[in-house]
Amino acid sequence: MNNKQILDKALELVNLNIETELIKILKTSGSVPRTFDAFMIVYKEDNKQKNIGTIGGGLLEFEAIKDAYNFLNNKETSNKEYNLTPQDAGGIGMVCGGSAEISFIYLNDNKDIINDLKKEIESKESNVYIFGAGHVSYDLVEVLYKIGFNCIVIDDRDEFANKDRFPNASKIITEDYDNVFNKISITDKDYIIIVTRGHSHDYVVEKNALKTNALYIGMIGSKKKIKTLHDKLKAEENYTDYMMSRVHAPIGIAIGAENTEEIAISIAAELILVRATAENRRKVKN
């Protein structure tokens, strides 16, 4: 469950008058499992303690959850710092050597923070424009939805591009590939994935994709197919090798993927890496 979905659940719980506590990392130093983008919620339902989300697992999360229920019982909002060092050094029994300051927020008295956090997430969100609504797209949307990408599925066939087939797509567009670029606005935060059903459609989409400033462009296909399309773009559109070097093709990280589920995971992994690099995440090694 991604952060936006956790917040939707938190709002649902609060609206049902179920007492809920938010656990959010405020700041960190040194080696820690997760950074300030991580949060989770704890609540009590049917006399059972429940939680959703993660701030990295392990002993830090265990201690934070334990403290969160204490704050929840007292309807409290508070901050607490955790030293991720051995107990004999005054820490909580970890060897990471870092520290984390965590905020605990009693959401039933602070409902507005849920919407504020959602707005903050939405301001950073990017769209994944998936051209083609075939088998790979079907599996890819499910994977990307779970890791916080907004998927916009585009195809020229109503029987493939529809909400029944893609319930977790944020938007579905049924349009000719030649015309659809006039109806969408792709920014430098967005991703383009080309998985259409034929070379001619791939050609049209790639030709127009390269006119955008998309953060990422990826195209499925064999090296032979990709070379054929690129040679055609050079001959007919005067595109250069430098321009076409923007395209990740064959798409995805090479993990030996064969079936559509594995291919979807390889593509998702590449998008995670691109997103993490764009966000300058500390765990990305240059």
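Before the first stop, one term: two residues touch, or are in contact, when they have heavy atoms within 4.5 Å. Bear in mind too that this is a predicted model.

Start by selecting Thr-20, which sits in strand E1 (residues 20-29). Show its neighbours: leaving out residues up to four places away in sequence, Thr-20 touches Leu-13, Val-14, Ile-41, Val-42, Tyr-43, Leu-72, Ile-105, Tyr-106, Leu-107 and Asn-108. Is Thr-20 buried or exposed? With a relative accessibility of 0%, Thr-20 counts as buried. Now pick out a polar atom of the Thr-20 side chain: the backbone oxygen of Ile-18 lies 2.9 Å from it.

Next, step back to Asn-17, in the loop between helix H1 (3-15) and E1. Asn-17 isn't a glycine, yet its phi is positive, near 65°. Its relative accessibility is 66%, so Asn-17 counts as exposed.

Another positive phi, about 55°, turns up at Lys-75, again not a glycine. Look for Lys-75 in the loop between helix H2 (58-73) and strand E4 (78-83). Lys-75 counts as partly exposed because its relative accessibility is 46%.

Now colour helix H4 (residues 135-146) and helix H8 (residues 260-278), which pack at about 50° with their axes 8 Å apart. H4 and H8 are therefore oblique to each other, and H4 passes H8 in a right-handed crossing. Residues making the contact include Leu-140 and Val-143 of H4 and Ile-267 and Leu-271 of H8. The residues of this contact divide into nine nonpolar, two polar and two charged.

Last stop: Pro-250, in the loop between strand E11 (247-248) and H8. Zoom in on the peptide bond joining Ala-249 and Pro-250, which is cis, with omega about -5°.

Methods:
Residues are numbered from 1 along each chain as its sequence is written. This is a predicted model: local features need pLDDT of at least 70, side-chain atom pairs count only at pLDDT 80 or more; totals for chains, interfaces and linings use all residues. Side-chain values use heavy atoms; hydrogens and water are left out. Axes are lines fitted to C-alpha atoms, for helices over the stretch in contact, and angles run from 0 to 180 degrees between N-to-C directions. Helices (H or I, at least four residues) and strands (E, at least two) are DSSP runs, numbered from the N terminus. Angles under 35 degrees count as roughly parallel, over 145 as roughly antiparallel, 65 to 115 as roughly perpendicular and the rest as oblique. A crossing is left-handed if the near helix is turned anticlockwise from the far one by less than a right angle, and right-handed if clockwise. Ala, Val, Leu, Ile, Met, Phe, Trp, Tyr, Cys and Pro count as nonpolar, Asp, Glu, Lys and Arg as charged, and the others, Gly among them, as polar. Buried means under 20% relative accessible area, exposed over 50%, partly exposed in between (1.4 Å probe, protein chains only). A polar contact is a pair of N or O atoms within 3.5 Å; within protein, one must be able to donate a hydrogen and the other to accept it, and residues adjacent in sequence count only if both atoms are side-chain atoms.
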